[in-house]
Amino acid sequence: MIGIIGAMQEEVDLLLSGLCDAVEMNRSGIRFHTGTLHGKPVVICKCGVGKVNAAVYTQVLIDRFNANKVIFTGVAGALDPELNIGDIVISTSCQQHDMDVTPLGFARGVIPFQEVSDWPADPELVAIAVEAGEKAAPGRCKKGKILSGDQFIADRDKVRELHETFGGACTEMEGAAVAQACAMNEVPYVVIRSMSDKADGSASVNFAEFTVEASNRSYAIVNEMLRKL
Ligand code: ADE
């Protein structure tokens, strides 16, 4: 069973429009849709905002629907100055940028007493996502580290700081939680993010403007990935 978590209603609606043998159900107060896409069994849900929502949704996908792969798609703010609005980042890994236990001597982003704080994405899912991304948006698809925090970033200095401290390609609010939940359950994952803004002073305006375009692109990538899986 392939678990697909979409951040935006638009892309989830596009996925649902192609779903065969669709069944809708509620679990833990969350609406899930099961069925097949390109003959593959899938379970689709729309994620709430932030890391706690993302972790719970992922755990429910794994526990209650036996998801053995998780694909997360949505939009993000670009941190890498070479990225433009509309470009796509496929996760090589995800880390929480707002995890901060520095007063106790831990580096920024490090979860104390845990071996891993920067969870690698599954290489096979990454390769399939890159191939699908190249098809959907030729020349605009990059692999990179994704940073997550319970913050919408709209500040150029913060962008520079996050890029320099963590080497992140883009920032969003869920990926690292999905990654951690998947790692704890030994389930492979990949996060696919379309850049809706540059996380600067124009971020809120750009976010609103480019979300629909980004949703269409994310949908095209997931749809193509499902052919290959
Ligand atoms: N998702 C899309 N843009 C974002 C931003 N600038 N900060 C956090 N999450 C985002």
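P112 lies in the loop that links β6 (88-96) to β7 (118-120); strands (E, at least two residues) and helices (H or I, at least four) are DSSP runs, numbered from the N terminus. This is a predicted model: local features need pLDDT of at least 70, side-chain atom pairs count only at pLDDT 80 or more, and totals for chains, interfaces and linings use all residues. Residue numbers start from 1 along each chain as its sequence is written.

**P112**
- P112 is exposed because 10 other C-beta atoms lie within 10 Å (exposed: 12 or fewer; buried: 20 or more; partly exposed: in between; C-beta atoms are placed from the backbone).
- Beyond its neighbours within four places in sequence, P112 contacts V101, L104 and F106 (contact: C-beta atoms within 7 Å, placed from the backbone).
- D100 is 12 residues from P112 in sequence and 9.5 Å away, C-alpha to C-alpha.

**Core**
- The largest nonpolar core holds 68 residues (buried Ala, Val, Leu, Ile, Met, Phe, Trp, Tyr and Cys joined through C-beta atoms within 7 Å).
- Helix α6 (residues 203-228) gives this core its largest share, 7 residues.
- A129, V178, Y189 and V190 have the most contacts inside the core.
- V178 touches I5, A54, T58, V70, F72, Y189 and V191, leaving out residues up to four places away in sequence.

**Ligand shell**
- The ligand is surrounded by 14 residues, the closest being G77, F152, I153, E172 and A199 (near: C-beta atom, placed from the backbone, within 6 Å).
- β5 (69-78), β9 (170-172), β10 (189-197) and α6 each supply at least two shell residues.
- β5 gives the largest share, 3 residues.

Notes
Contact = placed C-beta atoms within 7 Å.
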